[in-house]
Amino acid sequence: MRTVDLNADLGESFGAWEMGDDAALLGVISSANVACGVHAGDWDVMARVMREAVARGVGIGAHPGFPDLQGFGRREMQFAPDSAANLVRWQLGAAQAMARAAGGAVRHLKLHGALANMAARDEALALACFRGALSVDPALVLVVLAGTAQERAARQLGAPAACEIFADRAYRGNGTLLDRRLPGAVIHDPQLAARRVLAMLRAGAILPEDGPAIPTRIDTICLHGDTPGAIGMAQAVRATLEAEGVAIAAFPGEPLR
């Protein structure tokens, strides 16, 4: 029996503005990536999600992004390497404090949105972000976009890592995600998403839309919480995997080889 982690980006509400159904997703996933109040979220939202994650035994992760509330962290910004490292440290520190107050701890880190996409192309940026995080907690598990510069950076650092694929996103031939603005980039059919995930697990590879399979270790599957029908999709993916004998559990975070 294979074991795989299911993760989702949570804590993305802000004040009176609600985004996603965090409580419902926490009943499906095994790891939560919690927004740190920079691209989304706020201190009250972080506190609530952290408490619920601890109560449900879901692994807690920091989800740092660009300081871009209006653009939801999906607009590219330019940071010098030292500043990018500090941006990640700052958000990780906030997540650690909120998790500790909730009786838990931050065990992983996953970059968000445009910051993640840029780090998937730019190994120097990925190294800066990951070194910033590891300088705060060397045991932190780095969740990396499988088959990209993020994975190469984590391997170079010898850090604990978890390779991630996406259930609801289409891939380019180089292993990066198809731009959200393009047709077919976001998958809305729960059964299609579940079949794609199962196919990638069986192949041990990313299956792009326009190229050959990209072999990779697969430790975790991302289920977005901010898309319509997100709960139904998450439930369909989990049900399909469990029906095929795949157990759902938080990733161990073994270094890449």
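Two residues are taken to be in contact when heavy atoms lie within 4.5 Å. In this predicted model, 71% of the contacts in the protein chain between residues at least 6 apart in sequence join residues at least 24 apart. The chain contains eight helices and ten strands. Its radius of gyration is 17 Å, close to the 18 Å given by the globule rule for 257 residues, so the chain is as compact as a globular protein of that length. The C-alpha atoms occupy a box of roughly 40 × 35 × 35 Å along the principal axes.

Of the 257 residues, 57% count as buried. The accessible surface of the protein chain amounts to about 10,400 Å², and carbon and sulfur atoms contribute 54% of this area. Phe 14, Trp 17 and Leu 69 make a nonpolar surface patch of about 300 Å². Of these residues, Trp 17 is located in the loop between strand E1 (3–10) and helix H1 (22–26). Trp 17 has a relative accessible area of 45% and is therefore partly exposed.

One aromatic pair was found in a search of the whole structure. The pair is formed by Phe 66 and Phe 79, which are stacked, with 5.6 Å centre to centre and 10 degrees between the planes. Both residues lie in the loop between strand E3 (59–63) and helix H3 (81–101), so the pair ties together parts that are 13 residues apart in sequence. Phe 66 counts as buried because its relative accessibility is 2%, under the limit of 20%. Phe 79, with a relative accessible area of 28%, is partly exposed.

Note on methods: Residues numbered from 1 in each chain as written. Predicted model: local features only at pLDDT ≥ 70, side-chain atom pairs only at ≥ 80, totals over all residues. Heavy atoms only, no water. Patch = residues over 30% accessible without salt bridge, like charges linked within 9 Å, V, L, I, M, F, W, Y side chains within 5 Å. Areas by Shrake-Rupley, 256 points an atom, 1.4 Å probe, with all protein chains shown as cover. Salt bridge = Lys/Arg side-chain N within 4 Å of Asp/Glu carboxyl O. Helix = DSSP H or I, 4+ residues; strand = E, 2+ residues; numbered from the N terminus. Buried < 20%, exposed > 50% of the residue type's maximum accessible area, 1.4 Å probe, protein only. Rg over C-alpha atoms; globule rule 2.2 N^0.38 Å. Phe/Tyr/Trp six-rings, centres within 6.5 Å; stacked < 30°, edge-to-face > 60°.
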